[in-house]
Every structure is written in C-alpha cells, then in structure tokens.
Amino acid sequence: IMSDDKTKQGQQDRGRVAGDEPYEVAYFASKHGLSQEQARDLIARVGNDRASLDSAAEAMKGEPTKA
C-alpha cells in the first residue's frame, strides 16, 4: 500500500469546505459569526463550495433571527 504523496499538495481543496472536519466547520462558523450547527446546516443545504457558502452566510446575516 502506498501512502499519500505529501509533496503533491495542490490548492484544489481551498475552494471547498470539508463539512466532516470539525476544524473546518469551526473556522467557517467563526468567520461568519454562526454557530457550528448553523454552519453544518448551511453546508448541508448549499454544498461545500466555499464561494457559495460565503455568499449564503452573508445573506443569512441580513435575515431576522428565528426564535
């Protein structure tokens, strides 16, 4: 079995948010002032494309909070 080649690190992952990685969810939530639950819900609804998620998170800031 071959291990991952750590010398081949591209930037392809930077355009995605790994919703199954707690540190990624925590960072995204913190960046946009969301709870981690809100961030996970947004990732589930919008997908993991970072640009789309950033736009959706910004749009959420303008919505009234649900009680």
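The model is predicted, and its chain holds three helices and zero strands, so that the order of elements from the N terminus reads α-α-α. Of the 67 residues in the chain, 21% are buried.

**Helix 1 and helix 2**

- Helix 1 (22-32) and helix 2 (36-46) pack at an angle of about 105 degrees, with 8 Å between their axes; because angles of 65 to 115 degrees count as roughly perpendicular, that is how these two helices are described relative to each other.
- On the helix 1 side, this contact is made by V25, A26, F28 and A29, and on the helix 2 side by Q36, A39, R40, L42 and I43.
- The buried residues of helix 2 are listed as A39, L42 and I43, and they lie on the same side of the helix because the arc that they cover around the axis is only 100 degrees.
- The other side of helix 2 carries the exposed residues E37, A44 and R45, while the cover over the buried residues of helix 2 includes helix 1 and helix 3.
- Just after helix 2 comes G47, which takes a positive phi of about 110 degrees.

**Helix 3**

- Helix 3 (50-61) is built from twelve residues and spans 17 Å from its first C-alpha to its last, which is close to the 16 Å expected at 1.5 Å a residue.
- Its buried residues are R50, L53, A56 and A57, and since these cover an arc of only 125 degrees around the axis, they are placed on the same side of helix 3.
- These buried residues of helix 3 pack against both helix 1 and helix 2.

- In soluble globular proteins, nonpolar side chains tend to be buried together.
- In this chain the largest nonpolar core has eleven residues, namely V17, V25, F28, A29, L34, A39, L42, I43, L53, A56 and A57, and the elements that contribute two or more residues to this core are helix 1, helix 2 and helix 3.
- V17, a member of this core, touches E24, F28, I43, N48, R50 and L53 when residues up to four places away in sequence are not counted.

**Residues outside the helices**

- N48 is located in the loop that runs between helix 2 and helix 3, and its relative accessibility of 34% is the reason why N48 counts as partly exposed.
- Leaving aside residues up to four places away in sequence, N48 touches G15, R16, V17 and L53.
- Although N48 and R16 are separated by 32 residues in sequence, their C-alpha atoms are 5.2 Å apart in space.
- R14 belongs to the segment before helix 1, and with a relative accessible area of 59%, R14 is exposed.
- R14 and R50 stand 36 residues apart in sequence, and the distance in space between them, taken from C-alpha to C-alpha, is 7.8 Å; R50 is one of the buried residues of helix 3, whereas R14 is exposed.

Conventions. Residues are numbered from 1 along each chain as its sequence is written. This is a predicted model: local features need pLDDT of at least 70, side-chain atom pairs count only at pLDDT 80 or more; totals for chains, interfaces and linings use all residues. Side-chain values use heavy atoms; hydrogens and water are left out. Helices (H or I, at least four residues) and strands (E, at least two) are DSSP runs, numbered from the N terminus. Buried means under 20% relative accessible area, exposed over 50%, partly exposed in between (1.4 Å probe, protein chains only). Contact means heavy atoms within 4.5 Å. The expected span of a helix is 1.5 Å times one less than its number of residues. The arc is that of the directions from the helix axis to the C-beta atoms. A nonpolar core is a set of buried Ala, Val, Leu, Ile, Met, Phe, Trp, Tyr and Cys residues joined through side-chain atoms within 4.5 Å. Axes are lines fitted to C-alpha atoms, for helices over the stretch in contact, and angles run from 0 to 180 degrees between N-to-C directions. Angles under 35 degrees count as roughly parallel, over 145 as roughly antiparallel, 65 to 115 as roughly perpendicular and the rest as oblique.
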